[in-house]
Amino acid sequence: MHHVAPDSGLPDHFPQRIVCLTEEPTEVLYALGEERRIVGISGFTVRPPRARKEKPKVSAFTSAKIGEILKLEPDLAIGFSDIQADIARELIKAGVEVWISNHRSVDGILAYIRRLGAMVGAHEKAEAYAQRAERHIADIRAAVAGLPRRPKVYFEEWDEPIITGIRWVAEIIGIAGGDDCFPELAREPLAKQRILPNGDEVVRRAPDIILGSWCGKRFRPEKVAVRPGWDTIPAVRDGELHEIKSPIILQPGPAALFDGLDEIHRIIAEWALR
């Protein structure tokens with residue numbers, strides 16, 4: 001049966017029944033006005049808020065209700081990274097077309113927006129949206145150029161064990177006017193390669209600002225401040241411990257380039273002008 005593309009009167013040959021196994025395709029498709037194609041979403045989705053009300057939740061990050069997904073008769077499932085390899089394999093074996101992206105950088109997020117747009121026949125809208133993100137990045141870079149100093153920033157993704165260093169987060173910290181404390185770990189795609197054996201190296205690198213986004217639980221600055229030896233860290237001494245909410249930084253999607261970048265820039269600018 002042919003679906004007709006809205007406004008064009010022409011048949012729509014692009015995927016009609018997409019399951020989003022992670023948050024960023026949902027956010028992008030809504031932003032492009034292509035949300036009618038989505039039939040199922042990740043349970044972690046919070047952007048846009050209406051997605052949670054309108055679409056059935058069929059997956060977590062590492063697990064999915066394969067039976068529920070198959071009932072939706074998807075013509076495309078979209079996920080992210082090696083962590084979703086098992087879900088992808090199950091769906092592929094059940095005959096579903098699957099795209100697992102693995103972008104890790106700011107440029108990767110911009111390319112992802114363009115690629116996803118092309119996959120649903122919304123190339124021009126995706127190009128405009130990606131350019132809007134690029135302008136936003138340029139605006140923040142320009143604002144940062146006027147700041148008198150750059151802080152050293154430590155970003156923590158998890159506390160037990162301590163996990164740091166995500167490439168797109170490190171790049172966003174750089175755009176926002178700071179320098180990531182663990183640039184060498186930002187290049188490591190796998191979380192297990194970004195685990196610190198203990199907090200000593202953070203103490204040694206003496207960050208001016210600590211940002212926490214503990215995946216799926218609230219960041220507790222008071223717990224961080226009492227770690228052995230951390231009282232000597234400038235960020236702890238000056239009370240510069242800030243939570244960045246997971247949905248605006250831990251997904252390599254538009255949220256990080258807009259709200260995540262804005263929030264980190266605000267924290268850095270306040271520090272630099274203090």
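Biologist: Which residue just after α1 takes a positive phi?

Modeller: This is a predicted model, in which local features need pLDDT of at least 70, side-chain atom pairs count only at pLDDT 80 or more, and totals for chains, interfaces and linings use all residues. Residues are numbered from 1 along each chain as its sequence is written, and side-chain values use heavy atoms, with hydrogens and water left out. Helices (H or I, at least four residues) and strands (E, at least two) are DSSP runs, numbered from the N terminus. Just after α1, a positive phi of about 75° is taken by Gly 33.

Biologist: How many residues of helix α1 are buried?

Modeller: Buried means under 20% relative accessible area, exposed over 50%, and partly exposed in between, with a 1.4 Å probe and protein chains only. The buried residues of α1 include Glu 23, Pro 25, Val 28 and Tyr 30. Helix α1 covers residues 23–31 and is mostly covered, the buried count being 8 of its 9 residues.

Biologist: Against which elements do the buried residues of α1 pack?

Modeller: Contact means heavy atoms within 4.5 Å. The partners of the buried α1 residues comprise strands and helices: β1 (18–20), β2 (38–42), α2 (49–54), β4 (76–80), α5 (106–119) and α12 (254–272).

Biologist: Is Ser 42 buried or exposed, and which residues does Ser 42 touch?

Modeller: Ser 42 is found in strand β2. Its relative accessible area is 1%, so Ser 42 is buried. Not counting residues up to four places away in sequence, Ser 42 touches Cys 20, Leu 21, Thr 22, Glu 23, Lys 57 and Ser 59.

Biologist: How many aromatic pairs does a search of the whole structure find?

Modeller: Rings of Phe, Tyr and Trp (its six-membered ring) pair if their centres lie within 6.5 Å; planes under 30 degrees apart count as stacked, over 60 as edge-to-face and the rest as tilted. Tyr 154, Phe 182 and Trp 230 form one aromatic cluster. The number of aromatic pairs found in the whole structure is 6.

Biologist: Which helices hold Tyr 129 and Phe 258?

Modeller: Tyr 129 and Phe 258 form a stacked pair, 6.0 Å centre to centre with 25° between the planes. Tyr 129 is buried with a relative accessible area of 9%, and Phe 258 counts as buried at 12%. The pair links distant parts of the chain, 129 residues apart: helix α6 (residues 123–145) for Tyr 129 and helix α12 for Phe 258.

Biologist: What is the radius of gyration of the protein?

Modeller: There are 12 helices and 11 strands in the protein. The radius of gyration is taken over C-alpha atoms, and the globule rule is 2.2 Å times the number of residues to the power 0.38. For 274 residues that rule gives 19 Å, and the protein is close to this value, so it is as compact as a globular protein of that length, with a radius of gyration of 20 Å.
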